[in-house]
Number of protein chains: 2
Amino acid sequence: MLKRYLPILTWLPHYNRRLGSADVLAGLIVTVMVIPQSLAYAVLAGLPAVVGLYASLLPAVVYVLLGTSRTLAVGPVAIIALMTGAVLADIATPGTAEYLQAALILSFLSGIMLLLMGMLRMGFIANFLSHPVIGGFLSAAGVLIVASQAGHLLGVELNSRELLPRLSELAQGLPSLHLMTLTIGSGTFVFLLFMRRYGRSMLQRIGCSKSLADLLTRAGPVFAVIVTTLATWHFDLASGGVAVIGSVPQGLPPLGLPGFDFSLWQALLIPALLISIVGFVESVSMGQMLAARRRERISPNQELIGLGGANLAAAITSGMPVSGGLTRTVINYDAGAQTPMAGLVAAIGIGTATLFFTPLLAYLPIATLAATITVSSLTLIDIGMIRQTWRYSRSDFSAMAITILLTLVDSIEAGIVSGVVLSIGLFLYRTSRPHSALVGRIPDSEHFRNIERHATETVSHLALLRIDESLYFANARYLEDTVYDLVASRPELEHVVLICSAVNLIDASALESLDAINARLRDSGVTLHLAEVKGPVMDRLKHSDFLDDMTGRVFLSTYAAWRELAQATADLSTDRI
Amino acid sequence: MLKRYLPILTWLPHYNRRLGSADVLAGLIVTVMVIPQSLAYAVLAGLPAVVGLYASLLPAVVYVLLGTSRTLAVGPVAIIALMTGAVLADIATPGTAEYLQAALILSFLSGIMLLLMGMLRMGFIANFLSHPVIGGFLSAAGVLIVASQAGHLLGVELNSRELLPRLSELAQGLPSLHLMTLTIGSGTFVFLLFMRRYGRSMLQRIGCSKSLADLLTRAGPVFAVIVTTLATWHFDLASGGVAVIGSVPQGLPPLGLPGFDFSLWQALLIPALLISIVGFVESVSMGQMLAARRRERISPNQELIGLGGANLAAAITSGMPVSGGLTRTVINYDAGAQTPMAGLVAAIGIGTATLFFTPLLAYLPIATLAATITVSSLTLIDIGMIRQTWRYSRSDFSAMAITILLTLVDSIEAGIVSGVVLSIGLFLYRTSRPHSALVGRIPDSEHFRNIERHATETVSHLALLRIDESLYFANARYLEDTVYDLVASRPELEHVVLICSAVNLIDASALESLDAINARLRDSGVTLHLAEVKGPVMDRLKHSDFLDDMTGRVFLSTYAAWRELAQATADLSTDRI
């Protein structure tokens, strides 16, 4: 019981020196790697850069205690930072105390919601974000992030927050761009892109081992941060107009509960819910993928509690909403982390940096961070997946398209919500017009197949109708229409057998329709039978009067129905096709 | 083509004398019967009584031209009147010109929406109101109507509109009730209830023919109206405080378009949509039921157009929202109506009454109408159906219960919307945790059954997993979990066969999960196969790379998979249960 709520107890007792040294090494690597990223995501959310560091401390520690994934690294992540920035900009001006306060309230609400969902075991709601909707959303978010950083990268000041006005503002501002900022930004951008594409193979070619080449490739952002910071400091580029982070407070984050303001809390409720769900879905998908690789399992409900705790921790330590981050988790995993202890080591490392080294960041150009964000966000835009979805299913594609479109031109909320609603609507629409087939016997066998696709034996007074869907309110009337049309078109019919091999549920509406069908067929002198009714469906039917009222019988198999009904009344009329 | 949009053309050319005399008789009977009802429903909606007559004229004629049901009678109906009253009371004060104006706008919007839905062929949306939700709503509406009339019936003035405050006000007002009103109201109520229960058998016992007894029983309200009106006039009860209809304008309704007021139109948009859908669902269910009895068909999409036209007609003739009414339709049907011509005759009859006889209605007590409404609304409350639904399915029952509860204590909109949302949510939740079963071979047959329910043959290196649900985003992850658990618990597994006989759809999310399952099983040295994939699902899969990547094969039948895989690798390990 205690182990379920404190998963740390499952691995800590077996902890040993070998695991320890692997975790310490991984933790140190993560420390160095994620500092630039944490700063960058805080800037993306419109918050002071140091908030990104704060949000990588206590939240990570809390997740170590409560989370079930052994390698997931929790902290600020791109998508959540983007969503946070979009929500807060509606409520306060970036840079003000209210803005920061609203970020803390957002973390707090998100933490409470995740904890509640975890306790209510509501991990299943993640399932309602379909792959096309998530994929579409991530691609659109990638575009939004790139657009949000374009100004920083080129040294053009942009004020509008929506995509299209922003782009036109960017085009108008291009002539007045800041050349030195452009140089730093585009230089870093090209360098990082180059490292990502060719770094590994180039380093291996000049003699690095594969793992060293991997490490150095990933250290690209760290290298860029150091070089551009030194250059900016040395040539005093800040006074020449290059935007830098500026003085960063030294020391650990201040503790405190976010203030209570009813209308503010109310305004942040829905955004917090959406941020919670998106963060959870991203985090748990990644956690599941990595756990699968090592034959481990994670518990979605406990993950909700872990992420909830992490967000509460962020709220009381001047942080921002956090989640399991793709980049930091991959770094952690690849650096050989064995247990969450690596996360603890990284948190201590980042804490030390926050205590002593923040003054070094004063000259770090914003353009460098913008380039870092832009390069890593490009990977979110997945054209291949969009093309595949188009090929596979127009209806999945349309849910993806509406998500992308509305995320880009309206808002993240509108994009995700309409994607989910459309996915559900399309699924219901499809199930509301189920496929059904008249089947006939494959000659001299016990098998029955669609008479339109196979050469089968049929009997004119007997219709074997297979319904390929659960029967429920959305298709109950359709079922009635199908049967009535069948009976109207074949006046010689004496028996209709509904084959229920694909019927996994008959709800109260469908039961009423079956009652109506039974009554109407009886009036026309046709007997209604069922065949291949599944156990659970049959158990349910026994709680109604339908089986007593039904004119015909329930057959175990279609063949049993055939044997009984095909020969009973009309031995002679059998016609072979 | 013209016939599709003007169904009158399908029957008018074949019209003959026999049909004509049946229709004229039915139309005259309907004229007399529905006048009290039409007045009553207008009062229920908070409108002048004469509006009920206006709404029975042109709307009925338009439906005759456009509707596909031969016997449906269109006019004011209880549920729609209740909804209209609830909506309008939020917007204006009953009795004012704005109130009447809002009713016309409501009809107009509802007409436009129904027409649009009809043209877009959206008749299918009616399917999303499940039987339990409609049934629950009708029962709750019955309670609301009875409560709304209690004041008129007892002669107590009530001001609150919500159920509970209304009831407490009624209790407080009881000591000051108006005795003469109570006498008329309760007398009419008891008389009508008695007629409904025992009228027919009593009249037959005293020598009436069955059809005359039927007719006289139905004429109960007409009789009550005549008697109480005469009594009120003769004894001058109105000046003693009995509320009467008062002077009713004589002549046909004034023509005119409803005024345009943007904010008012906007406020009425959602209510109009809901009224349209509820009216359509009620009307089309009834139409289908009656059409089925006579082996006729109705077209839901054309019904939308017919009802839309009727509501537009109501909007321009000082009417109120209309729909196909249960009582008036049953009267029409039982009176022997053969074609919509009967509706035309009734409209002419009511028009004549409106032209010449409305002064006779001045002394009609409101209490009489209240008693009429109350008695016919009691039939809406269907305890038996509530009990049956509880027995059959807790989840259907919960959708019904929330509909009833919220309709009673909050609003009709809240009741219906939450019922629909909950129905859909519960369906999705059920399909998100599909039933699945490991199956084994029934010894010496080609049949396979759940190993937990039947004595079957199994092989330890082969798992045959039957999934009893379409695979889509809501259960994709659940499928992964099921397969991973299976593989983790049986290390000797070499082959997993997913039996897809109940899988009617594999969406993009589920396809990704199958990809993930395939990759993970490959890593564990287990081969993934599919069996009994349906034609449409297979066609879709061919548009993806999955079939190329899959480690195993697609078998036509489970038996084919068994023959191939059970013997291939491990002939010796077969164990019989």
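This short talk goes through a few local features of chains A and B, from a helix to backbone angles and surface patches.

Please keep in mind that this is a predicted model, in which local features need pLDDT of at least 70, side-chain atom pairs count only at pLDDT 80 or more, and totals for chains, interfaces and linings use all residues. Residues are numbered from 1 along each chain as its sequence is written, chains are lettered from A and ligands numbered from 1 in the order in which they are written, and side-chain values use heavy atoms, with hydrogens and water left out.

Let me start with helix 14 of chain B, residues 300-316, where helices are DSSP runs of H or I with at least four residues, and strands are runs of E with at least two, numbered from the N terminus. The expected span is 1.5 Å times one less than the number of residues, so the 17 residues of this helix should span 24 Å, and the end C-alpha atoms, 25 Å apart, agree with that. Of those 17 residues, 15 are buried, buried being under 20% relative accessible area, exposed over 50%, and partly exposed in between, with a 1.4 Å probe and protein chains only.

Now to the backbone. Most residues other than glycine have a negative phi. Just after helix 14 of chain B, however, Ser318(B) takes a positive phi of about 55°. In chain A, Ser318(A) also has a positive phi of about 55°; this residue sits in the loop between helix 14 and strand 2 (323-324), and counts as buried because its relative accessibility is 14%. Arg121(A), again not a glycine, has a positive phi of about 55° and lies in the loop between helix 7 (97-119) and helix 8 (131-154) of chain A, but at 40% relative accessibility Arg121(A) counts as partly exposed.

Finally, the surface. Patches here are made of residues with over 30% relative accessible area and no salt bridge, with like charges joined within 9 Å and nonpolar side chains within 5 Å; a salt bridge is a side-chain nitrogen of Lys or Arg within 4 Å of a carboxyl oxygen of Asp or Glu. On chain B, Glu512(B), Asp515(B), Asp548(B) and Asp549(B) form a negative patch, to which helix 22 (508-523) and helix 24 (546-549) each give two or more residues. Asp549(B), in helix 24, is partly exposed at 39%. On chain A, a nonpolar patch includes Leu252(A) and Phe357(A), the latter partly exposed at 46%.

Technical notes
Accessible areas come from the Shrake-Rupley method with a 1.4 Å probe; for residues, only the protein chains shown count as cover. Lys and Arg count as positive and Asp and Glu as negative; His and the chain ends are not counted. The place of a charge is taken as NZ of Lys, CZ of Arg, CG of Asp or CD of Glu.
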